Amino acid sequence: MAKVFTKNDNAFICKACGKQVPPLGYSSRNHCPFCLASLHVDVNPGDRACECMGIMYPIAVTPHSKQGYIITHKCSACGKVGNNRCAADDDVGLLIKYTNPFNIPKR
Ligand SMILES: [Zn+2]
Ligand SMILES: [Zn+2]
């Protein structure tokens, strides 16, 4: 049986803001902690099986009682929408700011 969630925690350069993003350590990092953008590389979380590689920008942030914040990303290339948990070192000020959709920059 294929594992749906593959741990894939490497440092990378964010394609959206250009900052160096260190490995998360406890889980697979799936978005940039500085600008919250993600890359469309997964079919299932962490599998890196998608060849789209479009930048996924946050379009909504929803507070969650158990998981902190849920970030909704939309792929700028193919339009796919997906939800991701926030990470421990995400920019909390940005997460809070983005809970108001009027604060999210239009791309
Ligand atoms: Zn970034
Ligand atoms: Zn895509």
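**Exercise 1.** What arrangement do the 4 donor atoms around the zinc ion (ligand 1) make, and why?

*Solution.* The model is predicted. Start with the donors: Cys14 (SG), Cys17 (SG), Cys32 (SG) and Cys35 (SG) coordinate the zinc ion (ligand 1) at 2.3 Å. Next, take the angles that the 4 donor atoms subtend, which run from 106 to 113 degrees. Four donors count as tetrahedral if all angles lie between 85 and 135 degrees. The arrangement around the zinc ion (ligand 1) is therefore tetrahedral. For reference, the ideal angle for four tetrahedral donors is 109.5 degrees.

**Exercise 2.** Describe the largest pocket and its lining.

*Solution.* First, the volume: the largest pocket holds about 780 Å³ of space. Second, the lining: it has 37 residues, and Arg29, Asn30, Ser38, Asp42 and Asn84 are the closest to the pocket's centre. Third, the elements: β1, β3 (38-39), β4 (55-64) and β6 (81-85) each give two or more residues, and β6 gives the most, with 5. Last, the classes: 18 lining residues are nonpolar, 13 polar and 6 charged.

**Exercise 3.** Which element gives the largest share of the lining of the second largest pocket?

*Solution.* This pocket has a volume of about 160 Å³. Its lining includes Tyr57, Pro58 and Ile59. The elements giving two or more residues are β4 and β5 (68-75). The largest share, 3 residues, comes from β4.

Conventions: Residues numbered from 1 in each chain as written. Chains lettered and ligands numbered in written order. Predicted model: local features only at pLDDT ≥ 70, side-chain atom pairs only at ≥ 80, totals over all residues. Heavy atoms only, no water. Donors = N, O, S within 2.8 Å, 3.2 Å for Na, K, Ca; no water. Tetrahedral: all angles 85-135°; square planar, octahedral: opposite > 155°, others 65-115°. 1 Å grid on protein atoms, 1.4 Å probe; cavity = no way out; pocket = protein on both sides within 12 Å on 5 of 7 lines; lining within 4 Å. Points joined across faces, edges and corners; volume = space filled by probe spheres on them. Helix = DSSP H or I, 4+ residues; strand = E, 2+ residues; numbered from the N terminus. Nonpolar A, V, L, I, M, F, W, Y, C, P; charged D, E, K, R; others polar.
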